[in-house]
Amino acid sequence: MCDDAQICFAEVVAGSAQWLGRGLSCVCAQRRESDARPSFDLTPSEEECLQRLQNRIDIAYDSSIPEHQEALRALWNAVFPEEELHGLISEQWKEMGWQGKDPSTDFRGGGFISLENLLFFARHFPKSFKDLLWKQEGDRSAWEYPFAEAGVNITFMLIQMLDLEAVKPRTVVGAIFLKFLSENESAFDILYCIAFKLMDRQWLAMRASYMDFNTVMKATRCQLEREFLLEDITRLEELPSYSLLTL
């Protein structure tokens with residue numbers, strides 16, 4: 001694992017993209033023998049899927065766009081169906097783990113896709129989502145990670161890990177992911193859910209606290225990379241950590 005200095009979670013989640021995901025560039029998994037000289041040429045289907053995902057990644061969150069406003073409201077309604085949201089800027093958002101009353105300020109590193117990821121998680125794996133939100137599993141720290149801000153960081157970490165801003169994948173893990181993506185358009189969103197649940201499992205196993213967040217994120221990335229390189233993994237649902245998710 002890399003030996004970067006530990007970074008305060010507040011710095012990780014609050015600042016620019018250079019803070020988000022900092023120190024997560026190490027490749028912690030080793031290639032299989034058969035992957036010593038992999039080919040990263042893409043099929044037309046993989047190229048098309050990668051382009052669509054890159055288009056999603058390029059969209060910044062804009063609070064003036066109705067679609068973005070509705071996605072934010074939808075997230076609130078998915079989490080708090082019995083509680084009326086008083087406004088897109090409200091102290092209520094702190095209940096979900098945002099830094100302040102305006103969640104848009106926390107999307108700077110992850111963009112609109114980070115909101116889409118959270119919404120996908122809430123809709124498709126509601127039990128796991130709420131277990132994480134309310135910290136219902138394990139012996140928790142007195143100084144826990146803020147849920148929503150952690151989610152933004154996970155989006156950013158996955159973009160780095162999979163090298164999704166490159167024209168073609170430059171790692172074995174990135175190439176494997178594009179095969180998954182070509183077979184399932186929701187692959188990135190599903191991987192996000194896996195990564196979030198795995199991160200929390202790592203958090204508990206390491207008995208982590210607020211200041212350990214970056215270390216936990218590195219461990220999460222390393223574990224995901226190892227699982228991607230396991231033999232006979234042909235889809236995301238076969239990753240060992242997928243079993244952590246519950247509907």
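In the predicted model, arginine 52 is partly exposed, with a relative accessible area of 33%, and its side chain forms a salt bridge with glutamate 185, the closest N and O atoms lying 2.9 Å apart. This pair links distant parts of the chain, since arginine 52 belongs to helix H2 whereas glutamate 185 sits in the loop between H7 and helix H8 (187-205), 133 residues apart. Glutamate 185 is likewise partly exposed, with a relative accessible area of 40%. Through salt bridges that share partners, Glu48, Arg52 and Glu185 are joined into one network.

Helix H2 (residues 44-57) also packs against helix H7 (residues 172-183), at an angle of about 90 degrees and with the axes 9 Å apart; the two helices are therefore roughly perpendicular to each other. On the side of H2 the contact is made by Ser45, Glu46, Cys49, Leu50 and Leu53, and on the side of H7 by Phe177, Leu178, Lys179, Leu181 and Ser182. These contact residues comprise 6 nonpolar, 2 polar and 2 charged.

A further salt bridge is found between lysine 168 and aspartate 41 (3.5 Å, N to O), which connects the loop between helix H6 (147-161) and H7 with the loop between helix H1 (9-14) and H2, the two residues being 127 residues apart. Lysine 168 is partly exposed at 37% relative accessibility, whereas aspartate 41 is exposed at 57%. In the whole structure, 17 salt bridges are found.

The search for disulfides, by contrast, finds 0 in the whole structure. Cysteine 49 is buried, with a relative accessible area of 4%, and cysteine 193 is buried, with a relative accessible area of 0%.

Methods. Residues numbered from 1 in each chain as written. Predicted model: local features only at pLDDT ≥ 70, side-chain atom pairs only at ≥ 80, totals over all residues. Heavy atoms only, no water. Disulfide = S-S within 2.5 Å. Buried < 20%, exposed > 50% of the residue type's maximum accessible area, 1.4 Å probe, protein only. Axes fitted to C-alpha atoms, helices over the stretch in contact; angles between N-to-C directions. Helix = DSSP H or I, 4+ residues; strand = E, 2+ residues; numbered from the N terminus. Parallel < 35°, antiparallel > 145°, perpendicular 65-115°, else oblique. Contact = heavy atoms within 4.5 Å. Nonpolar A, V, L, I, M, F, W, Y, C, P; charged D, E, K, R; others polar. Salt bridge = Lys/Arg side-chain N within 4 Å of Asp/Glu carboxyl O.
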